[in-house]
Amino acid sequence: MTYKTDEKKLARWILTRAEELDIISLDESATVIPPPQPVSSKSKKRKGKGRKAEPTPTPLPTDLKAGQMARLAARISARTVQKCPLDVLKIIDSVISLRTSVKKFYESLPGARSGEQLARCKSHAYWLEKLRDVRDVLRGCPSHAMDGQLTSTRFVVDSFMQLLGLDDDAETVPAKDDFLPDHLKTKTKAKGQPMHERLLDDFSIRSDLDEDSDDVEIAAWFLFQDMQHMRDYVKETWLDYTEGRTTLVTASFLSTEAVVIVKEMEKEFFDTFSSHFKHRTYADLMAAMFPDVESSFERFYPFLKTLPHTTQNFLMCMTWARIFFYGKTIVKEVYRAPLPGSIVEFDPSADTSGWTEERFRVERDGLLVKHLAEVHFQALRSSVKQQCIDENALVGDFRAFLDDKDHTVPLHLVFQWQIWQDHVVINRQCLQQSLDQLQEVPRNVTNAARHWLQKGYSPELYTDNHVEGSKRDVETHLIEQSPKIVFDDELGETKRRDRLRTIIVPFQIFLYNPWGCGIAISKILCLTQHICTDIINGTGLFTSTLQLYDALLQHGKIERWPLMDHLLDISAPTMYHAGRPKPGPSSSQTTSPTAAIPPACRGKTIPIIDATDMARAR
């Protein structure tokens, strides 16, 4: 997280600068300890009898408290003759800005003027006061310098950048030493090591009061802020798709990757604060952010409902509540569609210009409840081994939620259902467009496959075994299965067959999920590419084309073609014995005199490139 990293950098700079100025302890009176002088045994006895030994100063800690940091900054200002680097002041401003956002968040909550909420707000105010003290003191550095004593700002900035490992010529300072052997790790963290040689993760700034709960609370808030940034980015991407600036597949891919990143963030957070959590669920995270609210759902849910709409959206708490309710009322093996009148139906064509926040929330609730049931059914008709075509868009993680006997709701599940709601609302006017694009792909693939089977290939270029295998793959996957998955509305048919009392929206699983449409298109195209690559491998045409391109290139007859160069690099080890041949009379570099003959003419096939290599070449 940016906030914690900036805090570590600030602590590292203050402690390093203090050490450079011979400030060796937090004790105000401590100075540099002089080297020990040899004394006689008699002198030792006289001194020992007459007076007590002076206490050893406490060394500078790497985990500073806010008050200690402010006092150290004042001592640095009193001793230094150098200006504080502008980069340090920028880091302090960044920390102040982020901490101010946290303070405003808690001040906007109900009960912020009483009880633990008031104490929490005062704690944030104290932090900000100390950070501003540090900034004001360092901004005035040096406080006592004479003319001619100021060190150039450029020199100080360069030194600071090298200190953080950000200078062009400096080696990057690692945050962790996990890559080191154990004996080196011990040396890295040895006592007495200079501050500027220590790892960035060794440093921290903590509260003067209850530092543990403060760290968890702040880290949780910034985790949600990072997720908000991810949501904003995904929404912008879907807006680009709506306005024709990007493709459906691209927007879907970025949505899927956003979920992957949030899973990593979630794991890192709970690993860091593992001692504070018995379970790793959304509810446990909320309990850490609001420790004064009783964690039982009966008490916690009413509190969430009192939050402002902007706060509810930031925390994604109403999405969590709906998933939680659904988990408590379902039977895993039974699909239940919501009854007519029990929810507000989603109308993509509705005029929303005069809607209030509450009206939008009610519509979203109805949309979410209905699609939870759709994805539930999609999860039932598939499995981990036999995944459905839109597995990565909601279905996979929702199946894990159904398989959990307690139906606990993890944070990443809430996040992906939230970005699903966000992008459906953004695309509400062009949901049909996504479904049309999805259905167009298997239609085009099927037509091309039938054309190939009828008159698009020459049997003499294949061995009998290979052409039969390719024909089976084309018929099974491209002509039969792909269209069936997309054009058969199995869920709609189930509703009609069981006479469920619900409003039936044709192809709802895809119509109300452009993200799922993009994922399905990707899978169909990947399968098509794999089969087509296998077909190409069954002929000598691919090999012959590459060798012809190579020969013409060697003789300067054509310009370079980057894609062919990539494919040639991948295929050369298979085609040539000792590297690519050069112009000349010798042919000793080829694998054999028949290397350039199509494989079918030699009675066998040699795979030249597979689908993975083809994707890498692209």
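**A walk through a predicted helical chain**

Let me start with contacts, meaning heavy atoms within 4.5 Å. Among contacts in this chain between residues at least 6 apart in sequence, 76% join residues at least 24 apart.

Now the ground rules. This is a predicted model, where local features need pLDDT of at least 70 and side-chain atom pairs count only at pLDDT 80 or more, while totals for chains, interfaces and linings use all residues. Residues are numbered from 1 along each chain as its sequence is written, and side-chain values use heavy atoms, with hydrogens and water left out.

What is the chain built from? It has 24 helices and 2 strands. These are DSSP runs, numbered from the N terminus: helices are H or I with at least four residues, strands are E with at least two. The chain has 618 residues, and 46% of them count as buried. Buried means under 20% relative accessible area, exposed means over 50%, and partly exposed is in between, with a 1.4 Å probe and protein chains only.

First stop: helix α1, residues 2-20. How far should α1 span? The expected span of a helix is 1.5 Å times one less than its number of residues. With 19 residues, α1 should span 27 Å, and its end C-alpha atoms are 27 Å apart, so the two agree. Of those 19 residues, 15 are buried, so α1 is largely enclosed by the rest of the structure. Just after α1 comes aspartate 22, with a positive phi of about 65 degrees.

Keep that phi in mind. Most residues other than glycine have a negative phi. Leucine 394 is another with a positive value, near 85 degrees. Leucine 394 is found in helix α15. Its relative accessible area is 0%, so leucine 394 is buried. Then there is histidine 407, with a positive phi near 50 degrees. Histidine 407 lies in the loop between α15 and α16 (411-426). At 13% relative accessibility, histidine 407 counts as buried.

Stay with α15. How do α15 and α21 cross? The axes of α15 (residues 391-403) and α21 (residues 514-537) come within 9 Å and cross at roughly 105 degrees. That makes α15 roughly perpendicular to α21. The cut-offs: under 35 degrees is roughly parallel, over 145 roughly antiparallel, 65 to 115 roughly perpendicular, and the rest oblique. Axes here are lines fitted to C-alpha atoms, for helices over the stretch in contact, and angles run from 0 to 180 degrees between N-to-C directions.

Which residues meet there? From α15, Glu391, Asn392, Ala393 and Leu394; from α21, Trp515, Gly516, Ile519 and Lys523. By class, this contact has 4 nonpolar, 2 polar and 2 charged residues. Nonpolar covers Ala, Val, Leu, Ile, Met, Phe, Trp, Tyr, Cys and Pro; charged covers Asp, Glu, Lys and Arg; the others, Gly among them, are polar.

Next, the rings. How many aromatic pairs does the structure hold? It holds 25. Rings of Phe, Tyr and Trp (its six-membered ring) pair if their centres lie within 6.5 Å; planes under 30 degrees apart are stacked, over 60 edge-to-face, and the rest tilted.

Take phenylalanine 224 and tyrosine 282. Their pair is edge-to-face, 6.2 Å centre to centre, with 85 degrees between the planes. It links distant parts of the chain: phenylalanine 224 is in helix α8 (residues 211-242), tyrosine 282 in helix α10 (residues 282-289), 58 residues apart. Phenylalanine 224 is buried, at 0% relative accessible area. Tyrosine 282 is also at 0%, so it counts as buried.

Phenylalanine 269 and phenylalanine 273 form a tilted pair, at 5.2 Å centre to centre and 50 degrees between the planes. Both of these phenylalanines are buried. Ring pairs also build a cluster, whose members include Phe105, Trp221, Phe224, Tyr282 and Trp320.

Threonine 446 lies in helix α17 (residues 431-456). At 5% relative accessibility, it counts as buried. Threonine 446 and proline 483 are 37 residues apart in sequence, yet 7.7 Å apart in space, C-alpha to C-alpha. Leaving aside neighbours within four places in sequence, threonine 446 is in contact with Leu478, Ile479 and Pro483.

And valine 137? Buried or partly exposed? Valine 137 is partly exposed, at 25% relative accessible area. Valine 137 sits in helix α5 (residues 115-139). With neighbours within four places set aside, valine 137 is in contact with Ala73, Ala74 and Ser77.
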